[in-house]
Structure formats: C-alpha cells, structure tokens
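Hi everyone, thanks for making time.

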Amino acid sequence: MTELDYPVLPPAQTGLRGLCPRCGKGHIFKGFLTIAPRCEVCGLDFSFADPADGPAFFVMSIVSFPVVAFAGWLEIAHEPPIWVHLVTSLPMLLGGCLALLRPLKGWIVSSQYVHKAEEGRLAEPAAQPAPEPNP
C-alpha cells in the first residue's frame, strides 16, 4: 500500500494508545518508552519521530500542580511529619508521571507524523551572480 492508501487517523486516537499513526494497528513502542524502529504491520519507519523532552515537560507540568496542591493542603491542614509526605506525595508524583509519560509521548509522535513535522532548517540564501570585472 502507498501512503495515499491509508486514511488520516487522529493523533489522539492512535498516539494515546501507542498505535502506529499510519495504519492504527501496529505499535509505536518496543519497550516502555523506547520507540520501535518501524511498525510491525505496515512497515512505517519511525526515524522521523523525535519527541525530545516534550513529553517529560508536559507530564511534569500537568502532574506537579495537583500533587503540590495536595502536599500544601496536607501540610497546612495537618502538619504531618516528613515521612507522611514521602508516603503520600511522592507515590502520587511518581505514579502520575509514569502513567502519563507513555501516552503523551505516543501522542506527540503521532502528531509529528500527521502534521509532517520536521527539524527546523535555515533557508539557503539565493545565489548571487558574480560581480563583473572592471576593465
């Protein structure tokens, strides 16, 4: 099948579930966060995918607000010893980050495919004609 034979699938539908953005059947990941070299169903090469630190930034931003709010409320309302924060806030932070990291990374990779995102490049300057020699 050619690229034109595949329907455009929504990145949220495929990426959040870790499925191939082209066919929607294969998998993006070969491990927890490692991107597979290609789709095992349609053969799409995932070398275009470079989510970099985007998923980690979004996950930290999303998870930190409720966890910090909870830890602040717990501290102000009950003034617990530090071990209570380690038993409550730390697992919430780690669990929230681990739960969201893979789906967000899949969503970003799928979005890169659908929107044909590429690395930014500077345009080559137009070639200037050589100056004429003065006689």
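This is a predicted model: local features need pLDDT of at least 70, side-chain atom pairs count only at pLDDT 80 or more; totals for chains, interfaces and linings use all residues.

So, a word on helices before anything else: helices (H or I, at least four residues) and strands (E, at least two) are DSSP runs, numbered from the N terminus. With that in hand, Ser-110 sits in helix H3. Residues are numbered from 1 along each chain as its sequence is written, and side-chain values use heavy atoms, with hydrogens and water left out.

Let's stay with Ser-110. Is Ser-110 buried or exposed? Ser-110 is buried, because its relative accessible area is 0%. For the wording, buried means under 20% relative accessible area, exposed over 50%, and partly exposed in between, with a 1.4 Å probe and protein chains only. Leaving out residues up to four places away in sequence, Ser-110 touches Pro-11, Thr-14, Gly-15, Leu-19, Pro-21 and Ile-28; contact here means heavy atoms within 4.5 Å. A polar atom of the Ser-110 side chain also lies 3.4 Å from the backbone nitrogen of Gly-15. That's a polar contact: a pair of N or O atoms within 3.5 Å, where within protein one must be able to donate a hydrogen and the other to accept it, and residues adjacent in sequence count only if both atoms are side-chain atoms.

Next stop, the loop between H1 and H2, which is where you'll find Arg-22. Arg-22 counts as buried, because its relative accessibility is 11%. And what does the side chain of Arg-22 reach? The backbone oxygen of Cys-42, at 3.1 Å.

Ile-35 is in the loop between H1 and H2 too, and at 19% relative accessibility Ile-35 counts as buried. Beyond its neighbours within four places in sequence, Ile-35 has contacts that include Phe-46, Pro-51, Lys-105 and Val-109. Asp-50 is 15 residues away from Ile-35 in sequence, and their C-alpha atoms are 9.4 Å apart.

On to the cores. A nonpolar core is a set of buried Ala, Val, Leu, Ile, Met, Phe, Trp, Tyr and Cys residues joined through side-chain atoms within 4.5 Å. The largest one has 14 residues, and Cys-20, Ile-35, Cys-39, Cys-42, Leu-44 and Phe-46 have the most contacts inside it. There's also a second, separate core of 5 residues, with Val-59, Val-63, Val-67 and Leu-101 among them. Back to Cys-39: setting aside neighbours within four places in sequence, Cys-39 is in contact with Cys-20, Cys-23, Gly-26, Leu-44 and Phe-46.

Over in helix H2 we have Phe-58, which is partly exposed at 38% relative accessible area. Not counting residues up to four places away in sequence, Phe-58 touches Leu-104 and Ile-108. Phe-58 and Lys-105 are 47 residues apart in sequence, yet 9.7 Å apart in space, C-alpha to C-alpha.

Ala-52 has a phi near 50°, a positive value in a residue other than glycine. Ala-52 is placed in the loop between helix H1 (11–15) and helix H2 (54–78), and at 58% relative accessibility Ala-52 counts as exposed. Lys-116 isn't a glycine either, and its phi is positive at about 50°. You'll see Lys-116 in the segment after helix H3 (82–114), exposed with a relative accessible area of 66%.
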